[in-house]
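This report describes a protein chain for a reader who has its sequence and structure at hand. Please keep both in view while reading.

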Amino acid sequence: MEVGDVQRRIERIEQVRRVGGAERSTVEAALVAEREVRAWLDAANSDLVALLSAQASFPEAAVAEVSRCTAREASRATERSATLDRSPVFAHALNDGAVTAGHIDAITRGAKRVDPARRDELLGRIDALVDVASAATPEQFERRIRREVRLLESDDGTQRLERQQRNVRLSSWTDDEGMWCVRGRFDPVLGVRVSAALDRVTEALFSEAVPAHCPDDPVEKQRFLRAHAFARLAVGNAATEGGSDHDPGGGAVDPVIRRTGRPEYVVVIDADAPHGRGHGDGPSVDWPIDVEVPARVLRQLTDEGNVVPVVVRNGVVLHAPGNLDLGRATRLANRAQRRALRAMYATCCIPGCNVHFDRCKIHHVEWWRHGGRTDLANLIPICARHHSSVHDGGWVIELGSGRELTLRLPDGTIRNTGPPRRTAA
């Protein structure tokens with residue numbers, strides 16, 4: 001975009017801001033203009049950062065000082081500038097407002113996933129995807145970049161995994177409030193094992209009751225419980241039983257940890273998928289591991305745990321272990337129902353919401369207090385914000401036989417979605 005194009009967009013935005021009660025389509029058009037102006041500004045920022053970096057011995061510090069931003073934000077800005085310098089195609093797309101800074105940051109993260117000698121090759125592949133990026137969210141585009149990385153890796157990611165294993169670190173410090181803080185970086189294999197252990201201990205400790213001081217916010221609650229689970233793994237019963245400073249049992253294995261057993265991996269088999277993950281025709285197999293590991297390591301991880309298959313077709317569960325229909329016997333969804341819902345939904349069921357399944361509530365489409373049953377066909381995952389909108393904001397949700405979702409809003413707007421897709425953003 002030229003400066004004149006930017007100016008016209010700014011004038012359009014300001015006109016909508018000044019006029020009260022503008023129609024929805026007019027407001028939406030102004031938001032599109034705002035997104036395009038923001039992209040142009042991000043492109044300008046990257047050009048200016050490049051100029052400053054050529055003259056400053058510590059570019060990140062200089063950028064942080066003049067931009068009044070944090071060191072992390074300044075580092076992201078310098079990395080984004082370097083990425084655009086190596087990808088003129090995306091530099092033009094950002095300047096024209098076709099993509100956003102989020103798309104460029106996704107490219108930066110993708111480039112870090114391959115050896116430096118192959119980054120130019122990867123960027124060449126990504127440059128051919130500029131039209132894909134312009135029609136996708138940054139999250140969707142990042143998934144496509146990960147696919148390109150997998151195709152580029154000729155060694156099944158073994159060299160990258162070895163590099164990640166060399167970079168495992170753990171540090172701790174005490175902050176200004178006197179809180180003991182810990183931060184770690186783990187390779188994908190170790191990270192999966194640590195995360196699975198935290199999940200198991202969290203469920204074993206807090207499935208029926210939570211400790212004192214637990215926050216109500218679902219995101220903060222999950223972090224709070226995982227922190228206590230981490231402490232239990234590290235120091236045993238003393239972490240959660242009154243703060244005793246002795247090691248119970250003389251070093252014996254914590255009985256709660258012993259009861260958690262082997263990790264569970266819910267494997268989703270999509271019978272309708274035309275292609276598996278790089279394996280030609282056939283159903284898609286989606287492993288519940290959100291990091292990329294070589295195939296041999298994936299086999300080792302699943303050998304250590306219990307693999308539970310769930311088969312879905314067109315958004316409907318064809319097979320899942322356990323009792324999926326509890327009727328009016330209980331209001332809370334059981335473990336089998338949560339497995340099945342997790343197989344269908346990666347996030348909140350509301351269109352466009354990216355809150356992860358683990359942070360969602362299980363909601364009765366026909367409300368429990370109105371006679372709704374705790375059957376799989378009546379359950380959906382929904383985040384705390386949208387759950388409040390349903391119960392207190394007048395939102396109405398209907399669910400079809402194929403899990404097609406109809407959302408009726410108080411202003412008369414109706415939104416429809418097809419069957420849930422785990423790969424959808």
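This is a predicted model: local features need pLDDT of at least 70, side-chain atom pairs count only at pLDDT 80 or more; totals for chains, interfaces and linings use all residues.

The closest cysteine sulfur to that of Cys 360 belongs to Cys 348, at 4.9 Å.

A disulfide is a covalent bond between the sulfur atoms of two cysteines. The cut-off applied here is 2.5 Å between the two sulfur atoms. The sulfur of Cys 360 is therefore too far from that of Cys 348 for a bond. The count for the model is 0 disulfides.

## The chain as a whole

The protein chain contains 16 helices and 11 strands. It has 425 residues, of which 37% count as buried. Its accessible surface comes to about 24700 Å², and carbon and sulfur atoms account for 50% of that area.

How much of the contact total comes from residues 24 or more positions apart? Among contacts with a separation of 6 or more, such pairs account for 54%.

## Buried positions in a helix and a loop

Ile 104 lies in helix α6, which spans residues 101-112. Is Ile 104 buried or exposed? Ile 104 has a relative accessible area of 0%, and it is therefore classed as buried. Leaving aside residues up to four places away in sequence, Ile 104 touches Arg 80, Thr 83, Leu 84, Phe 90, Leu 94 and Val 99. The C-alpha atom of Ile 104 is 9.5 Å from that of Glu 79, although 25 residues separate the two along the chain.

Gly 305 belongs to the loop between α14 (295-303) and β5 (306-313). This glycine is also buried, with a relative accessible area of 6%. Gly 305 and Arg 193 are 112 residues apart along the chain, and their C-alpha atoms are separated by 10.0 Å.

## Helix α3 and its neighbours

Helix α3 covers residues 59-67, and its buried residues are Pro 59, Ala 62, Val 63 and Ala 64. Against which helices do these buried residues pack? They pack against α2 (24-53) and α4 (71-86). After α3 comes Arg 68, which has a positive phi near 55°.

## A hairpin of two strands

Strands β1 (residues 169-174) and β2 (residues 180-185) run antiparallel and are joined by 6 bridges. One of the pairings links Arg 169 to Arg 185, its bridge partner in β2. The hairpin formed by β1 and β2 has 5 residues between the strands, and Gly 178 in this hairpin takes a positive phi near 85°.

## A nonpolar patch on the surface

A nonpolar patch on the surface is formed by Leu 170, Trp 180, Val 182, Phe 186, Leu 190, Val 194 and Phe 230. Together these residues have about 650 Å² of accessible area. Two elements, β2 and α11 (188-206), each give two or more residues to the patch.

Val 194, one of the patch residues, is located in helix α11. Its relative accessibility is 31%, so Val 194 counts as partly exposed.

Technical notes:
Residues are numbered from 1 along each chain as its sequence is written. Side-chain values use heavy atoms; hydrogens and water are left out. Helices (H or I, at least four residues) and strands (E, at least two) are DSSP runs, numbered from the N terminus. Buried means under 20% relative accessible area, exposed over 50%, partly exposed in between (1.4 Å probe, protein chains only). Contact means heavy atoms within 4.5 Å. Two strands pair if DSSP finds at least two bridges between them. Accessible areas come from the Shrake-Rupley method with a 1.4 Å probe; for residues, only the protein chains shown count as cover. Patches are made of residues with over 30% relative accessible area and no salt bridge: like charges are joined within 9 Å, nonpolar side chains (Val, Leu, Ile, Met, Phe, Trp, Tyr) within 5 Å. A salt bridge is a side-chain nitrogen of Lys or Arg within 4 Å of a carboxyl oxygen of Asp or Glu.
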